[in-house]
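Have the sequence and the 3D view ready.

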Amino acid sequence: MKISLFSKKDSKPSIWSGGLTYEYMIYPKTANYTDRDFVFRISSATIEKVPSEFTKFKGYHRYLIMLDNCLDIEVNKERKVYEKYEIMEFNSDDEVTSYTNGIDFNWMISEKISRHKLEITNSNQICNAQIIILFSLDTTVIKINEKQYDLEPYDLLVIENQEKENIMLHFSTECLFGILDF
């Protein structure tokens, strides 16, 4: 089992057409964002331009959560509103236009991966997924098999659990909790 902590303060921004994006992790490490050859990518972005068109990624499923605001969005010409922390799922090849400024969380997963899920939780979990992601929404303490990790807002913990061990997770506050199996 490998546990990696990705701190928001250590992530470097790059420019997208609507603002800045902060890549936390791309998997596998040999993958390249511009080549679109990754299994998954976790990032956070600022939406500074209204309206702004989301970048398309053919062949990817996407989870998006607004971290500081509601999301007024149009997906394939259908207008929708998502509340702060409400999870939006869509095909990354969809036509998506945002009419909201703010900060979001993005998780893009190759459509070749059939088992994945994202939810907000503060309840204890026993999990044996191959990849477990934990994204802090606030200052939080996460215990993984009794080892404590102190996270600041918008920090990310990723557990690579290729052996599919049962892992005990304890959360002091609400976090985004995602699982992925190959």
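The largest cavity in this predicted model has a volume of about 140 Å³. What counts as a cavity? On a 1 Å grid over the protein atoms alone, a cavity is a set of points where a 1.4 Å probe fits but cannot get out, and lining residues have an atom within 4 Å of a point. The grid points are joined across faces, edges and corners, and the volume is the space filled by probe spheres set on the points.

The lining of the largest cavity is made up of 13 residues, and those closest to its centre are Trp16, Thr21, Thr55, Arg62 and Asn106. Strands E4 and E11 are the elements that give two or more residues to this lining. By class, the lining has 6 nonpolar, 4 polar and 3 charged residues. Here Ala, Val, Leu, Ile, Met, Phe, Trp, Tyr, Cys and Pro count as nonpolar, Asp, Glu, Lys and Arg as charged, and the others, Gly among them, as polar.

Now to the strands. Strands (E, at least two residues) are DSSP runs numbered from the N terminus, and two of them pair if DSSP finds at least two bridges between them. An open sheet of 6 strands has the order E2-E3-E4-E11-E6-E9, with antiparallel pairing. Its edge strands, E2 (13-16) and E9 (88-91), each pair on one side only.

| Pair | Bridges | Facing residues |
|---|---|---|
| E4 (residues 40-47) and E11 (residues 102-110) | 8 bridges | Ile42 and Trp107 |
| E15 (residues 140-144) and E16 (residues 147-151) | 5 bridges | Thr140 and Leu151 |

The hairpin of E15 and E16 has 2 residues between the strands, and Asn145 takes a positive phi near 50° there.

Next come the cysteines. A disulfide is a pair of cysteine sulfur atoms within 2.5 Å, and by this rule the count comes to 0. Cys175 is in no disulfide, and the nearest cysteine sulfur, that of Cys127, is 14 Å away. Is Cys175 buried or exposed? Cys175 is buried, with a relative accessible area of 0%, whereas Cys70 counts as partly exposed because its relative accessibility is 31%. Buried means under 20% relative accessible area, exposed over 50%, and partly exposed in between (1.4 Å probe, protein chains only).

Residues are numbered from 1 along each chain as its sequence is written, and side-chain values use heavy atoms, with hydrogens and water left out. As the model is predicted, local features need pLDDT of at least 70 and side-chain atom pairs count only at pLDDT 80 or more, while totals for chains, interfaces and linings use all residues.

Technical notes:
Helices (H or I, at least four residues) and strands (E, at least two) are DSSP runs, numbered from the N terminus. On a 1 Å grid over the protein atoms alone, a cavity is a set of points where a 1.4 Å probe fits but cannot get out, and a pocket is an open set with protein on both sides within 12 Å along at least five of seven lines; lining residues have an atom within 4 Å of a point.
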